[in-house]
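User: I have a model open and would like to know what lies behind the words used to describe it. Could you take me through some of them?

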Amino acid sequence: MATNIDSVINLNDGTAMPLFGLGTAWTNECSQAVSYAIEQGYRMIDTAQRYGNEEDVGKGIAMSGKDRKDLFIVTKQWQNGHDACIQGLQRSLVRLDTDYIDLFLIHGPREGRNIRYRLYRPVSDSWPKRGRNVETYKAMMELKKQGLVRSVGVSNFNIHHLEGLRNAGLPTPSVNQIELHPWLQPREIIDYCKKYNITVMGYSPLVKSKMLKNQQICDLAKSYNKTTAQILIRWSVQHGYITIPKSSKPNRIKENMQVFDWTLSEDDMDYLDQNNVEEIRCAWDAINSEWHG
């Protein structure tokens with residue numbers, strides 16, 4: 001569990017990764033947000049080809065003046081396939097203006113269409129279901145051997161997807177990034193990841209602001225003299241998940257990191273955990289897609 005913003009976890013391949021960072025999915029004024037977050041002490045930035053903001057993230061890092069070696073950059077491969085992955089990483093390096101990526105993830109266990117044509121459109125069930133995950137993962141391991149990637153993982157993978165990689169004889173992913181908050185706690189996936197030493201990274205800890213006015217959360221925020229966002233972020237941090245709240249507003253970016261000098265009581269953690277009976281999903285449901293290799 002993170003005890004401060006500098007806390008790290010050693011992934012299963014030995015890579016040290018911050019337990020707290022800035023999410024940037026569809027963030028307005030992304031460059032300024034990234035630069036300000038780094039100035040405040042954030043050391044991990046999460047982006048993706050799909051978000052269309054890698055270049056802005058790179059500009060924000062440059063604006064901050066922080067040494068690249070002191071930062072941890074996460075990005076995700078959108079279009080599956082061996083050659084698509086190699087080419088995608090090269091483009092990401094250019095856009096992010098960096099020589100390497102710290103953590104490179106398969107964005108999801110189904111094939112996405114070319115990023116240039118589908119960048120801002122929702123995922124459709126009519127998209128090709130041929131996963132091409134195995135060849136994509138092999139390409140990522142090649143990139144790791146070349147020193148272009150430090151660690152390789154996945155995102156939105158369910159147990160049967162992770163088993164598919166394992167049955168293919170591939171190295172265990174270092175990270176599985178999944179949607180994670182009190183109203184969506186895929187405990188079977190979390191337990192599987194713990195069993196095989198796959199670090200769980202949760203996205204959308206703030207449920208895209210959908211539950212910030214929830215009475216239960218408001219009551220807890222009042223009792224702790226914290227914001228509702230801080231209650232949700234602290235829940236994630238206290239569970240030991242890598243946590244990446246997003247915001248483009250300086251006051252919120254600073255506020256979101258002020259979650260390390262207090263704790264939620266065991267009873268209140270249990271109280272929040274009970275929300276899992278009411279599933280609220282705010283991102284695409286790739287978790288429940290079939291495995292297509």
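**Reading the labels**

Analyst: Happy to! Helix α7 is followed by asparagine 197, whose phi is positive, near 60 degrees. Please keep in mind that this is a predicted model.

User: Which residues of α7 are buried, and what makes them lie on the same side?

Analyst: In α7, which spans residues 187-195, the buried residues are Ile189, Ile190, Tyr192 and Cys193. They cover an arc of only 160 degrees around the axis, so they sit on the same side of α7. Glu188, Lys194 and Lys195 are exposed on the other side of α7.

User: What do the buried residues of α7 pack against?

Analyst: They pack against α6 (159-167), β8 (175-179) and β9.

User: Why are α6 and α7 called roughly parallel?

Analyst: The two helices pack at an angle of about 30 degrees, with their axes 10 Å apart. Angles under 35 degrees count as roughly parallel, and α6 and α7 are therefore described that way. From α6, the contact is made by Ile159, Leu162, Glu163 and Arg166, and from α7 by Glu188, Ile189, Tyr192 and Cys193. By class, this contact has 5 nonpolar, no polar and 3 charged residues.

User: How do you know that threonine 199 is buried?

Analyst: Threonine 199 has a relative accessibility of 9%, and buried means under 20%, so threonine 199 counts as buried. Threonine 199 lies in strand β9, residues 199-203. Leaving aside neighbours within four places in sequence, threonine 199 is in contact with Ile9, Leu11, Ser174, Val175, Asn176 and Ile242.

User: Let's turn to α2. Which of its residues are buried, and why are they said to be on the same side?

Analyst: In helix α2 (residues 54-64), the buried ones are Glu54, Val57, Gly58, Gly60, Ile61 and Ser64. Their arc around the axis is only 160 degrees, which puts them on the same side of α2. These buried residues pack against α1 (30-40), β4 (44-46), β5 (72-77) and α3 (82-96). Glycine 65 follows α2 and has a positive phi, near 75 degrees.

User: Why are α2 and α3 called oblique?

Analyst: α2 and α3 pack at an angle of about 40 degrees, and their axes are 7 Å apart. Roughly parallel needs an angle under 35 degrees, roughly perpendicular is 65 to 115, roughly antiparallel is over 145, and the rest count as oblique. α2 and α3 are therefore oblique to each other. In α2, Glu54, Glu55, Val57 and Gly58 meet Ser92, Arg95 and Leu96 in α3. By class, that contact has 2 nonpolar, 2 polar and 3 charged residues.

User: Where is aspartate 97, and what is its phi near?

Analyst: Aspartate 97 is in the loop between α3 and β6 (101-106). Its phi is also a positive value in a residue other than glycine, near 55 degrees.

User: Why is tryptophan 26 called partly exposed, and why is aspartate 97 called exposed?

Analyst: Tryptophan 26 has a relative accessible area of 38%. Buried means under 20% and exposed over 50%, so tryptophan 26 is partly exposed. Aspartate 97, with 64%, is exposed.

User: How do you know whether alanine 25 is buried or exposed?

Analyst: Its relative accessibility is 18%, and the cut-off for buried is under 20%, so alanine 25 counts as buried. Alanine 25 lies in the loop between β3 and α1. Not counting residues up to four places away in sequence, alanine 25 touches Tyr51 and Lys246. Alanine 25 and tyrosine 51 are 26 residues apart in sequence, with their C-alpha atoms 5.6 Å apart in space.

User: What makes glutamine 32 partly exposed?

Analyst: Glutamine 32, in helix α1, has a relative accessibility of 46% and therefore counts as partly exposed. The C-alpha atoms of glutamine 32 and asparagine 4, 28 residues apart along the chain, are separated by 23 Å.

User: Which residues touch the most other members of the largest nonpolar core?

Analyst: Of its 83 residues, they are Met17, Phe20 and Ile231. Leaving aside neighbours within four places in sequence, the contacts of isoleucine 231 include Ile217, Leu220, Tyr224, Trp262 and Leu272.

Notes
Residues numbered from 1 in each chain as written. Predicted model: local features only at pLDDT ≥ 70, side-chain atom pairs only at ≥ 80, totals over all residues. Heavy atoms only, no water. Buried < 20%, exposed > 50% of the residue type's maximum accessible area, 1.4 Å probe, protein only. Helix = DSSP H or I, 4+ residues; strand = E, 2+ residues; numbered from the N terminus. Arc of directions from axis to C-beta. Contact = heavy atoms within 4.5 Å. Axes fitted to C-alpha atoms, helices over the stretch in contact; angles between N-to-C directions. Nonpolar A, V, L, I, M, F, W, Y, C, P; charged D, E, K, R; others polar. Core = buried A, V, L, I, M, F, W, Y, C linked by side-chain atoms within 4.5 Å.
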